[in-house]
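This report describes strand pairing, helix packing and a salt bridge in the structure shown below.

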Amino acid sequence: MRWPTGAEVRQKPISGGAMLYDASRAGNAEATWFDPKWWSGRARVRQSQEGRGGVCFIDGEGRRLVLRHYHRGGWIARLAADTYRWQGEARTRSFVEWHMLHLMRRAGLPVPVPIAASYRRTGRYGYCADLLTEQIPDAQSLATLLRAGSVPLTHWIALGRCLRRFHDDGVFHADLNAHNVLFGEATEVWLVDFDRSRLRKPGLWCDDNLVRLRRSIEKITAPLPPVHFSDADWDSLLRGYFAAVAPATAA
């Protein structure tokens with residue numbers, strides 16, 4: 001797929017690969033930006049407690065960033081934890097996700113701001129990848145909120161409206177789960193982690209997306225008291241999803 005780009009999108013070679021970056025936000029971006037050890041001497045670096053690992057939150061030098069090293073999931077992770085099969089630069093996980101984020105930001109969807117992406121070849125047939133985005137300030141995942149107690153119905157309605165916007169724009173989130181839904185101030189909703197996501201014509205996959213999210217929520221709340229998640233919560237999400245919503249612009 002040929003991604004639409006602007007003058008701010010730049011690319012340059014790095015040792016063993018290449019990096020892509022937004023010159024309007026990171027004109028001085030270098031390969032060292034993808035190394036947590038480099039940041040540890042310049043900013044506060046903390047590891048995420050959610051997901052597969054490989055995610056660092058960076059606070060310092062006037063920036064609040066998220067650095068993610070791509071890791072495999074499932075049984076194949078035991079064979080190649082962070083190495084992917086080389087299929088050409090345009091199909092690297094980091095470049096595809098960076099372009100997806102860039103495109104969605106231009107469409108006004110609430111996703112993280114993409115800063116830079118990189119890949120490095122590992123042998124003849126493999127590569128490793130990294131992605132750098134801006135942090136979403138004061139955000140908590142739906143998973144965190146569910147474990148803490150009941151989530152307000154207004155949050156569920158806002159989430160339904162948010163998901164509908166993505167689906168109407170043909171954005172298929174390949175891993176829509178409670179960890180990848182963030183709530184910011186008030187009922188502001190964001191989606192994160194668009195690895196393997198792509199653009200599709202709206203169809204039955206939209207329903208499958210919602211089913212996947214519900215399974216994730218039920219897995220988290222199964223051992224918890226019923227107050228943490230109920231049918232009324234899900235009905236509120238669906239009410240927001242099927243309501244007519246005027247488009248909004250991401251911050």
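This is a predicted model: local features need pLDDT of at least 70, side-chain atom pairs count only at pLDDT 80 or more; totals for chains, interfaces and linings use all residues.

The pairing between β2 and strand β7, residues 114-122, is antiparallel and comprises five bridges.

Strand β7 also pairs with strand β8, which spans residues 126-134; eight bridges join these two strands in the antiparallel sense.

## A salt bridge between β1 and a loop

The whole structure contains twelve salt bridges. One of the pairs that meet in a salt bridge is Lys12 with Glu30, whose side chains have an N to O distance of 3.4 Å. Lys12 belongs to strand β1 (residues 9-14), whereas Glu30 is in the loop between β2 (17-22) and α1 (36-40), so the pair ties together parts that lie 18 residues apart in sequence.

## The three-stranded sheet

An open sheet of three strands is arranged in the order β9-β11-β12, and its pairing is antiparallel. Its edge strands are β9 (140-141) and β12 (189-191), each of which pairs on one side only. Strand β11, residues 181-183, is joined to β12 by three bridges, and these two strands run antiparallel. Val181 has Leu191 in β12 as its bridge partner.

Helix α4, formed by residues 153-168, packs on this sheet and touches both β11 and β12. The direction of α4 makes about 45 degrees with that of β12.

The crossing of α4 past α5 is right-handed. On the α4 side, the contact involves Trp156, Leu159, Leu163 and His167, which meet Trp205, Cys206, Asn209, Leu210, Leu213 and Ile217 in α5. By class, the residues of this α4 and α5 contact are eight nonpolar, two polar and no charged.

With α6, the axis of α4 comes within 6 Å, and the two cross at roughly 40 degrees. The helices α4 and α6 are therefore oblique to each other, and their crossing is right-handed. Residues of α4 in this contact include Leu153, Ile157, Gly160, Arg161 and Arg164. Trp156, Leu159, Leu163 and His167 of α4 take part in the contact with α6 and also in the contact with α5. The contact of α4 with α6 divides into nine nonpolar, four polar and four charged residues.

## Packing of α5 with α6

Helices α5 (residues 205-221) and α6 (residues 231-242) pack at an angle of about 150 degrees, and their axes are 12 Å apart. That angle makes α5 roughly antiparallel to α6. The crossing of this pair, α5 with α6, is right-handed.

From α5, Cys206, Leu210, Leu213, Arg214 and Ile217 meet Asp231, Trp234, Leu237, Leu238 and Tyr241 in α6. By class, the contact of α5 with α6 has eight nonpolar, no polar and two charged residues. Cys206, Leu210, Leu213 and Ile217 of α5 meet residues of α6 and also residues of α4.

Methods
Residues are numbered from 1 along each chain as its sequence is written. Side-chain values use heavy atoms; hydrogens and water are left out. Two strands pair if DSSP finds at least two bridges between them. Helices (H or I, at least four residues) and strands (E, at least two) are DSSP runs, numbered from the N terminus. Contact means heavy atoms within 4.5 Å. Axes are lines fitted to C-alpha atoms, for helices over the stretch in contact, and angles run from 0 to 180 degrees between N-to-C directions. Angles under 35 degrees count as roughly parallel, over 145 as roughly antiparallel, 65 to 115 as roughly perpendicular and the rest as oblique. A crossing is left-handed if the near helix is turned anticlockwise from the far one by less than a right angle, and right-handed if clockwise. Ala, Val, Leu, Ile, Met, Phe, Trp, Tyr, Cys and Pro count as nonpolar, Asp, Glu, Lys and Arg as charged, and the others, Gly among them, as polar. A salt bridge is a side-chain nitrogen of Lys or Arg within 4 Å of a carboxyl oxygen of Asp or Glu.
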